[in-house]
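Subject: Structure handover

Hello,

Here is the structure for your files. My notes on what was found in it follow below.

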Amino acid sequence: MKEFEWLIVCKAVKQLEQFNRGETHIQKTVFAVTTLDPTTFSKYPFGFLVYKYGPFSFRLKEELGQLAAYGYLQAVNVKGGTGVTYRCTRKGVELARLLDDQPISALIEWVADRFSQRKVTELEAVTTALFVQTITSKGDAETVQVGKLRTFKPQLTEQRAKDALEESRLIVKEASTLE
């Protein structure tokens, strides 16, 4: 159901726009939300894969463009020429508000607020670690998870990979306590 996906995207954009964050933050926020709430999103997969800056969805990029084309979002160049971000139009705000009484709303707000203050390189490491958790078994040793993370992101030192995995586990734990 495309409409539900659009609600999620507009809610994430609305939450992030106050921090003037670009598409990378939108991608990472939607990825984390879909990972942290797999029941809801098993029906609405965005098809994330590990790409240049961590988990990325070409489908989400397409949805952002469609939301802009239909007047729910406005594409805005990020100050300093580092890319594009999106802002909700009045129509987009109205769409985002449709989630206000849904449990998923608190998760989107929590993830967006947590990620909004992070640099792209930090989000890249943490969200890739979160991705690694989805493709490895819970019983896998940390060395296996660190190895997989460094396979995706060889620029990470072993310690930085361990730290990113620890932070991603903390995110999963904290998100599970949200109501």
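Some conventions before the details. This is a predicted model, in which local features need pLDDT of at least 70 and side-chain atom pairs count only at pLDDT 80 or more, while totals for chains, interfaces and linings use all residues. Residues are numbered from 1 along each chain as its sequence is written, and side-chain values use heavy atoms, with hydrogens and water left out.

Overall figures

The C-alpha trace spans about 50 × 35 × 25 Å along its principal axes. The chain exposes about 9300 Å², of which carbon and sulfur atoms supply 52%; accessible areas come from the Shrake-Rupley method with a 1.4 Å probe, and for residues only the protein chains shown count as cover. Of the 179 residues, 47% are buried. Buried means under 20% relative accessible area, exposed means over 50%, and partly exposed is in between (1.4 Å probe, protein chains only). Taking contacts between residues at least 6 apart in sequence, 66% join residues at least 24 apart, a contact being heavy atoms within 4.5 Å.

Cores

In soluble globular proteins, nonpolar side chains tend to be buried together. A nonpolar core here is a set of buried Ala, Val, Leu, Ile, Met, Phe, Trp, Tyr and Cys residues joined through side-chain atoms within 4.5 Å. The largest one has 40 residues, and those with the most contacts inside it are Cys-10, Val-13, Leu-64, Leu-67 and Leu-73. The elements that give two or more residues to this core are α1 (2-17), α2, α4 (58-69), β4 (84-88), α5 (90-97), α6, α7 and α9. Helix α1 gives the most, with nine residues. Apart from this core lies another, of nine residues, including Ala-129, Leu-149, Leu-156 and Leu-165. Leaving aside residues up to four places away in sequence, Leu-67 touches Trp-6, Val-9, Cys-10, Tyr-72, Leu-73 and Leu-95.

Helix α7

Helix α7 (residues 120-135) has 16 residues, and at 1.5 Å a residue it should span 22 Å; its end C-alpha atoms are 22 Å apart, which agrees. The expected span is 1.5 Å times one less than the number of residues. Its buried residues are Leu-123, Glu-124, Ala-125, Val-126, Thr-127, Thr-128, Ala-129, Leu-130, Phe-131 and Val-132. They pack against α2 (23-36), β1 (49-51), β2 (54-56), α6 (103-116), α8 (142-152) and α9 (158-175).

Salt bridges

The whole structure holds 13 salt bridges, each being a side-chain nitrogen of Lys or Arg within 4 Å of a carboxyl oxygen of Asp or Glu. Glu-109 and Lys-11 form one of them, at 3.0 Å from N to O. This pair links distant parts of the chain, with Glu-109 in helix α6 and Lys-11 in helix α1, 98 residues apart. Glu-109 is partly exposed at 29% relative accessible area, whereas Lys-11 counts as buried at 7%.

Lys-14 and Glu-17 meet in another salt bridge, at 3.1 Å from N to O. Both lie in helix α1, three residues apart, about one turn of the helix. Lys-14 is partly exposed at 35%, and Glu-17 is buried at 16%.

Arg-118 forms a salt bridge with Glu-122, with the closest N and O atoms 3.1 Å apart. Arg-118 counts as buried at 19%, and Glu-122 is partly exposed at 26%. Salt bridges that share partners also join Glu-5, Arg-59 and Glu-63 into one network.

Two loop residues

Lys-119 is found in the loop between α6 and α7 and is exposed, with a relative accessible area of 58%. Its C-alpha atom is separated by 9.7 Å from that of Arg-21, 98 residues apart along the chain. Asp-37 lies in the loop between α2 and α3 (38-41) and counts as buried at 17% relative accessibility. Not counting residues up to four places away in sequence, Asp-37 touches Ile-104 and Leu-107.

Regards

Technical notes:
Helices (H or I, at least four residues) and strands (E, at least two) are DSSP runs, numbered from the N terminus.
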